[in-house]
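The sequence and the structure are shown below.

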Amino acid sequence: MKKLVCLLSLALILVGCSSTPKNEATPTPEATQTPSVDQGEEGTTGGETANLTELQKKIDAVLNSGKYELPGFMMADEATLGNLYYLTTEDVNDYAIFLPMMNVQATEIMVVEAKDGKVDAVKEALDKRLADLDSTWAQYLPAQYELVQNHVTFTEGNNVVVVIAEDAQAIADDIQTALK
């Protein structure tokens with residue numbers, strides 16, 4: 001897991017340090033959109049504009065309500081869904097997974113809509129992610145590890161939700177209301 005974190009950090013540094021050649025156009029959000037995100041209204045999670053699914057819009061509205069002080073987020077794409085969350089599109093109808101942009105923060109919001117009959121498989125996969133986070137943060141930053149230890153998990157219909165954040169219970173309550 002430490003190797004994965006180091007590799008991800010290195011990749012982020014390399015991407016951040018690279019520059020676009022002058023003769024190439026900078027891609028628009030629509031051009032770089034992942035196939036797993038539906039075309040729809042625009043949202044503003046993490047200060048960036050992205051096309052969001054209905055589930056993502058609901059969670060985005062909770063996180064950007066102004067009630068909570070949260071780090072900047074990036075949204076998980078289909079590759080991240082498999083690599084970090086042990087999930088496949090065979091188990092999932094939709095998902096809204098928000099990761100911190102900086103890897104010095106443990107805050108993560110995971111809302112996964114499981115396909116019918118797949119709720120237990122999604123719970124098991126997210127439990128593996130929680131175990132990964134626990135082992136990562138146990139030896140790193142104590143305050144962030146405390147967030148991981150005090151995470152809130154619940155199921156609402158086919159939605160499995162995990163909130164790792166300051167005010168985790170309040171955020172979870174607002175997400176639960178948004179999902180109803």
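## Surroundings of Glu108

Leaving aside neighbours within four places in sequence, which residues is Glu108 in contact with? In this predicted model, the contacts of Glu108 beyond that range are Tyr85, Phe98, Leu99, Pro100, Arg129, Leu133, Val162, Val163 and Ile164. Glu108 belongs to strand 5. Its relative accessibility is 4%, so Glu108 counts as buried.

One of these contacts, Leu133, lies 25 residues from Glu108 in sequence, with the two C-alpha atoms 10.0 Å apart. Another, Tyr85, has Glu108 in its own list of contacts. With residues up to four places away in sequence left out, Tyr85 touches Ala76, Thr80, Ile97, Leu99, Glu108, Met110, Ala125, Leu126 and Arg129.

## Overall organisation

The protein contains 6 helices and 7 strands. Read from the N terminus, these elements follow the order α-β-β-α-β-α-β-β-α-α-β-β-α.

Of the 180 residues in the protein, 38% are buried.

## Nonpolar cores

The largest nonpolar core comprises 26 residues, and the members that touch the most other members are Tyr85, Leu87, Leu126 and Ile164. Two or more residues come from each of helix 3 (78-85), strand 4 (92-100), strand 5 (108-114), helix 4, helix 5 and strand 7 (159-164). Helix 4 makes the greatest contribution to this core, giving 7 residues.

## Packing of helix 4 and helix 5

How do two packed helices come to be described? The description uses the angle between their axes and the distance between the axes. For helix 4 (residues 119-137) and helix 5 (residues 142-149), the angle is about 160° and the axes are 9 Å apart. An angle over 145 degrees counts as roughly antiparallel, and helix 4 and helix 5 are therefore roughly antiparallel to each other. The crossing of helix 4 past helix 5 is left-handed.

On the side of helix 4, the contact is formed by Leu133, Asp134 and Trp137, while helix 5 supplies Gln144, Tyr145, Val148 and Gln149. Sorted by class, the residues of this contact are 4 nonpolar, 2 polar and 1 charged. Leu133, named here on the side of helix 4, is also in the list of contacts of Glu108.

## Helix 2 and Asp60

Is helix 2 mostly covered or mostly uncovered? Helix 2 (residues 54-63) is mostly covered, with 7 of its 10 residues buried. The buried residues in helix 2 are Leu55, Gln56, Lys57, Ile59, Asp60, Val62 and Leu63.

Asp60 has its place in this helix. Asp60 counts as buried because its relative accessibility is 8%, and buried means under 20%. Asp60 and Ile175 are 115 residues apart along the chain, and their C-alpha atoms are separated by 9.7 Å.

## Loop residues

Where is Gly157 placed? Gly157 is in the loop between strand 6 (152-156) and strand 7. Its relative accessible area is 57%, and Gly157 is therefore exposed. The C-alpha atoms of Gly157 and Lys180 are separated by 8.9 Å, and these residues are 23 apart along the chain.

Most residues other than glycine have a negative phi. Tyr86 has a positive phi, near 60°, although this residue is not glycine. Tyr86 is located in the loop between helix 3 and strand 4, and its relative accessibility of 37% makes Tyr86 partly exposed. Asp167 also has a positive phi near 60° and is a residue other than glycine. The loop that holds Asp167 runs between strand 7 and helix 6 (168-179). With 47% relative accessibility, Asp167 counts as partly exposed.

Conventions
Residues numbered from 1 in each chain as written. Predicted model: local features only at pLDDT ≥ 70, side-chain atom pairs only at ≥ 80, totals over all residues. Heavy atoms only, no water. Axes fitted to C-alpha atoms, helices over the stretch in contact; angles between N-to-C directions. Helix = DSSP H or I, 4+ residues; strand = E, 2+ residues; numbered from the N terminus. Parallel < 35°, antiparallel > 145°, perpendicular 65-115°, else oblique. Left-handed = near helix turned anticlockwise from the far one by under 90°. Contact = heavy atoms within 4.5 Å. Nonpolar A, V, L, I, M, F, W, Y, C, P; charged D, E, K, R; others polar. Core = buried A, V, L, I, M, F, W, Y, C linked by side-chain atoms within 4.5 Å. Buried < 20%, exposed > 50% of the residue type's maximum accessible area, 1.4 Å probe, protein only.
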